[in-house]
Amino acid sequence: NEELILENALIRAEFNARGELVSLTDKPTGREMLSKPSNRFRMYRDMSFFFDAWDIDSYYENQEVALVSDAEVSVEYKGSVESCILIKRKINQSCLTQRVILRNNSRRLDFETEVDWRETHKLLKVDFNTNICTDAMLSEIPFGYAKRPNHKSRQYDADRFEVCNHKWSVLCEGKRGVAVLNDGKYGISADGGTMSLTLLRAATSPAKFADKGVHRFTYSVMPFSENFADSAVVEEGYALNCPVLIKQGFAGKKSFIHVSEKNIVVDTVKYAEDGSGDIVIRMYECKSINTDCKVHFGFDVKSIYVTNMLEQNLAQVDVDGNELALHFKTFEVITVRIKV
């Protein structure tokens with residue numbers, strides 16, 4: 001169906017009548033990024049031996065619940081800024097509505113999802129089946145990422161059938177890869193080229209109906225055609241979770257803080273906890289690269305101190321024209337206190 005295609009200058013996404021993503025093409029290279037249909041929902045019986053609301057036991061994979069209902073898939077709108085496909089379907093006893101949105105000049109395909117969840121002891125995942133060949137998945141953790149196996153070659157690997165991620169997880173090989181991003185779904189599993197994001201559970205203890213009701217969340221898939229270190233995955237993860245706020249008016253063009261290197265993230269900007277009025281800025285290196293960078297401040301600076309996490313001064317550093325030179329080790333966190 002030619003209508004069920006979202007396309008811009010960077011990617012082309014094609015859907016079938018069940019709302020599954022059957023093709024995801026990186027347009028600059030012409031490469032297909034999927035091995036089989038994705039955005040594929042999988043449901044399993046979920047009965048934990050000990051802690052109903054906290055544990056997922058590995059044998060859940062042997063207890064899949066068939067999802068056979070049809071879907072209603074239509075084009076909600078198409079425009080020069082963004083386009084949207086609407087998906088409505090039953091998921092066992094529950095109802096799901098998705099708006100799949102692709103924006104102009106963006107590689108990120110968003111799945112804005114609402115589920116009226118009516119299950120008991122069920123686990124819902126969504127699969128993205130990539131054709132990436134690699135032996136590990138990268139998953140964001142605080143101030144960096146962890147590399148974990150996407151296979152079960154050893155018992156040690158098999159025991160990590162479900163792992164945590166913050167804003168994103170990635171499978172990559174050479175100069176290409178696929179990321180799955182989320183705005184609040186922190187469990188994921190990987191098997192070969194497949195990433196399976198955990199969406200919902202349905203425990204009955206300690207609260208009998210705790211998970212039942214309407215859930216709203218967004219997850220995204222993002223292909224890229226460069227080394228992971230050069231990709232925009234980290235930036236898009238922040239953009240999904242911390243969207244830009246727009247207010248009416250004009251304030252001119254100015255950057256409060258500007259960092260010269262893209263792999264240095266300004267994570268925190270706040271006043272010091274001691275009430276001194278000093279500004280505290282916390283930054284980190286996000287892609288495991290030793291990096292020299294310059295931090296430029298859009299305001300006058302009297303002095304800057306590097307501090308520990310408790311905001312206690314460790315050493316004063318030189319400032320040259322409201323610009324600070326720093327060196328970051330891989331995944332290093334640096335906190336500075338600024339007197340203005």
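# Strands, rings and loops in a predicted model

Strands β22 and β27 run antiparallel and are joined by six bridges. The model is a predicted one. Its aromatic pairs number 14. A nonpolar surface patch involves Phe 49, Phe 50, Phe 51 and Trp 54.

**Around β27**

- Ile 281 stands opposite Val 336, a residue of β27.
- Strand β24 (residues 303-307) also runs antiparallel to β27, with five bridges joining the two.
- Val 336 in β27 is the bridge partner of Val 306.
- Is β27 enclosed or open? Five of its seven residues are buried, so β27 is largely enclosed by the rest of the structure.

**Around β23**

- The side chains along β23 alternate between two faces.
- Thr 291, Cys 293, Val 295 and Phe 297 point to one face and are buried.
- Strand β20 (residues 257-259) pairs with β23 over three bridges, in the antiparallel sense.
- Within that topic, Val 259 stands opposite Val 295 in β23.
- β26 pairs with β23 over six bridges, again in the antiparallel sense.
- Lys 294 stands opposite Ala 325 in β26.

**The open sheet β1 to β4**

- Four strands make up an open sheet, ordered β1-β2-β3-β4, with antiparallel pairing.
- β1 (5-7) and β4 (31-32) are the edge strands, and each pairs on one side only.
- β1 and strand β2 (residues 11-15) run antiparallel and are joined by three bridges.
- Opposite Glu 7 stands Arg 12 in β2.

**Aromatic pairs and a cluster**

- A pair of aromatic rings is described by two values: the distance of the centres and the angle of the planes.
- The structure holds 14 aromatic pairs.
- Tyr 44 and Tyr 60 form an edge-to-face pair, at 4.9 Å centre to centre and with 85° between the planes.
- Tyr 44 lies in strand β5 and Tyr 60 in the loop between β5 and β6, so this pair ties together parts that are 16 residues apart in sequence.
- Tyr 44 and Tyr 60 are both buried.
- Why is the pair of Tyr 145 and Phe 331 edge-to-face? The ring centres are 5.0 Å apart and the planes stand at 85°, and an angle over 60 degrees counts as edge-to-face.
- Tyr 145 lies in strand β13 (residues 144-149), while Phe 331 lies in the loop between β26 (323-328) and β27 (333-339), so the pair ties together parts that are 186 residues apart in sequence.
- Tyr 145 has a relative accessible area of 18% and is buried, because buried means under 20%.
- Phe 331 counts as partly exposed, at 26% relative accessibility.
- One aromatic cluster is formed by Phe 15, Phe 111, Phe 128, Phe 217 and Tyr 219.

**Charges over rings**

- Lys 185 lies over the face of Phe 217, at 4.6 Å from the ring centre.
- Phe 217 is also one of the residues in the aromatic cluster.
- Arg 160 lies over the face of Tyr 156, at 4.2 Å from the ring centre.

**The surface patch**

- Phe 49, Phe 50, Phe 51 and Trp 54 make a nonpolar surface patch of about 630 Å².
- Where does Phe 51 lie? Phe 51 is in the loop between β5 (40-45) and β6 (64-65).

**Backbone features in loops**

- Asn 39 has a positive phi of about 50°, although it is not a glycine.
- Asn 39 lies in the loop between β4 and β5.
- Is Asn 39 buried or exposed? Asn 39 is buried, with a relative accessible area of 1%.
- Ser 288 is not a glycine either, and has a positive phi of about 60°.
- Ser 288 lies in the loop between β22 (279-285) and β23 (291-297).
- At 35% relative accessibility, Ser 288 counts as partly exposed, because that class covers the range between the 20% and 50% limits.
- The peptide bond from Ser 205 to Pro 206 is cis, with omega near 10°.
- Pro 206 is in the loop between β18 (194-201) and β19 (213-224).

Conventions. Residues numbered from 1 in each chain as written. Predicted model: local features only at pLDDT ≥ 70, side-chain atom pairs only at ≥ 80, totals over all residues. Heavy atoms only, no water. Patch = residues over 30% accessible without salt bridge, like charges linked within 9 Å, V, L, I, M, F, W, Y side chains within 5 Å. Areas by Shrake-Rupley, 256 points an atom, 1.4 Å probe, with all protein chains shown as cover. Salt bridge = Lys/Arg side-chain N within 4 Å of Asp/Glu carboxyl O. Pairing = 2+ DSSP bridges. Phe/Tyr/Trp six-rings, centres within 6.5 Å; stacked < 30°, edge-to-face > 60°. Buried < 20%, exposed > 50% of the residue type's maximum accessible area, 1.4 Å probe, protein only. Lys NZ or Arg CZ within 6 Å of the ring centre and 35° of its normal.
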